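Please read it with the coordinates open.

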Amino acid sequence: MSAVLAPRGYEPARLPARTVAAAAGDGIGPEIMQATQAILRAADPTLGFHEAVVGLRAYEAGHAAGLGQDVYDAIAEHGVMLKGPITTPQGGGYKSVNVTLRKTLGLYANLRPCVSHHPFVASLQPRMDVVIVRENEEDTYAGIEHRQSDEVYQCLKLITRPGCERIVRYAFEYARAHGRKQVTCMTKDNIMKLTDGLFHKVFDEIAAEYPDIAAHHMIIDIGTARIATRPQDFDVVVTPNLYGDILSDVAAEVAGSIGLAGSANIGRDCAMFEAVHGSAPDIAGMDIANPSGLLMAAVMMLVHLGRARPASDIHNAWLRTLEEGIHTADVHREGASRQRVGTQAFAQAVIERLGQRPRRLPAVDYPESVPARAVAPDSLPAPVRRAEKRLVGVDVFLNWDEQGRDPKVLGARLEQLGLTGWRLAVITNRGVKVYPGGHAETLRTDHWRCRFLATAGTPTPVELTQLLMAIANAGLDAVKTENLYEFDGVRGYSQAQGE
Ligand code: NAD
């Protein structure tokens, strides 16, 4: 596309020169990056791009993670990156660029605005304007998984206080900076009282520091259902990683604009902005892809950099383009659209509308005064006060598959170990109590959690080892242990179902 100039009369903002790292990626990436950069150049002429290579070309050059050191250097130098979609090659040995970037750069917050553009783009919910703030690093995504027996696999769910504090604070800072009135936290703390309970507790603590913003908590299942049916009740939603992953796709799909959605990955030192969709290899090179997802990511990047004027100009010109029925093939509808255009022609249409505002859709005015740091807290949370921690017992997990998996048999064998200083409190199977007592109907696998509580003060490491030795000497296969602690006298472990 030859350089398209902004319309006569449009005066782009003259901001201090700033360079960002940009990587086009694979598939439709180069086309949508070209279109997006053309619009950025027209609205923000002092913004420069440091081009970096991620994705297939980097994989082919021997970088198993799909990016080389030069990409880290570019991000470290410029602080932000605009990234096109990546095709992750099939087969072993390759790592996802997105996961690698997210984890190595500590991009702890994933931000996804889900907005409907009814009636210009078909939407299940015409009045939707919700921002999902998803924790991006912890939870089951730590990727710590084990197989422990023939039948049982586990995935460790890690929730940390510093992790909760920074994501929740980020959600409130974002709400305040963007004039949003309410933050809703969604967890499953009715079931996961310790992990999700911590997320909820930290939310309540931090919410108290933001009296100007309404704060609510909902259980994630009903919360997801309500996002789908009554999105107008929500404003900003903050949630742990796995729920946020699912919820943000539900919300984007309900808004009807997954192809129009951008997302931001924010860290303490740097940030990465990208479209929500993938590399769409089926339409690559055809000049029919919609560049809007990457463009909306670029708008988020400008806001993050404090370049509010070009961000508002681009967003409003884009809304006006949609309103006028100038649509790429993916959102084009007979009757509702006026003109079907290709990728670069769509960008040209947006550029031609710079300086115009939408007539029916709500216009956007990003506040000039939003400093980048207001939406990216740059200090780590204060260290937690150390609680008094006391060992009170141990859960020993056994892989046991004998004698019809009768819990009474296993219980009797453990009682006969003749342990001093320990009491067998309960045996569970998949978390459900099966000994003493229990129900014949409970499904029993080959994986048993046997809870031993100390009977005489705090057990020493030697007593702990003696317990495990006794179990091994009895011919039982202990596949893992979990120490049971009290913190300041409060139990730091969950009770078994039925205990
Ligand atoms: P996809 O999002 O690439 O495509 C799904 C469908 O949507 C396709 O029919 C495609 O043509 C269409 N589509 C997507 N973006 C479009 C756009 N901008 N304009 C018009 N139509 C568009 O998902 P997929 O096919 O499951 O994945 C393709 C590749 O992308 C895979 O290698 C996957 O791993 C990768 N991927 C990358 C990212 C990322 O880099 N952030 C995200 C998702 C998928």
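The points below cover the basis of the model, the domains, the ligand site, a pocket and some backbone features.

1. **Basis.** The model is predicted: local features need pLDDT of at least 70, side-chain atom pairs count only at pLDDT 80 or more, and totals for chains, interfaces and linings use all residues. Residues are numbered from 1 along each chain as its sequence is written, and side-chain values use heavy atoms, with hydrogens and water left out.

2. **Domains.** The assignment gives domain 1 (1-108 + 256-365), domain 2 (124-250) and domain 3 (389-491). These bounds come from an automatic or database domain assignment. The C-alpha centres of domain 1 and domain 3 are 55 Å apart.

3. **Ligand shell.** The ligand is surrounded by 19 residues, with I86, G278, A280, D282 and N290 the closest. A residue counts here if one of its heavy atoms lies within 4 Å. By class the shell has 8 nonpolar, 7 polar and 4 charged residues. Ala, Val, Leu, Ile, Met, Phe, Trp, Tyr, Cys and Pro count as nonpolar, Asp, Glu, Lys and Arg as charged, and the others, Gly among them, as polar.

4. Polar contacts are pairs of N or O atoms within 3.5 Å. A polar backbone atom of G278 sits 2.7 Å from a ligand oxygen. For D282, a polar side-chain atom is 2.9 Å from an oxygen of the ligand. E274 places a polar side-chain atom 3.3 Å from a ligand nitrogen. Taken alone, the ligand exposes 820 Å², of which the protein buries 62% (Shrake-Rupley areas, 1.4 Å probe).

5. **Second largest pocket.** Its volume is about 830 Å³, the space filled by probe spheres set on grid points joined across faces, edges and corners. A pocket is an open set of points on a 1 Å grid over the protein atoms alone, where a 1.4 Å probe fits, with protein on both sides within 12 Å along at least five of seven lines; lining residues have an atom within 4 Å of a point. Of the 38 lining residues, V115, D129, R180, H315 and Y366 are closest to the centre. The lining has 27 nonpolar, 7 polar and 4 charged residues. Domain 1 and domain 2 each give at least three residues. Helix 9 (292-304) supplies the largest share, 5 residues. Helices are DSSP runs of H or I, at least four residues, and strands are runs of E, at least two.

6. **Backbone checks.** Which residues does the cis peptide bond with omega about 0° join? H118 and P119, with P119 in the loop between strand 4 and strand 5. The peptide bond from Y435 to P436 is also cis, omega near -10°. A280, in the loop between strand 12 (271-275) and helix 9, has a positive phi near 40°.

Note on methods. Polar contact = N/O pair within 3.5 Å; in protein donor to acceptor, adjacent residues only side chain to side chain.
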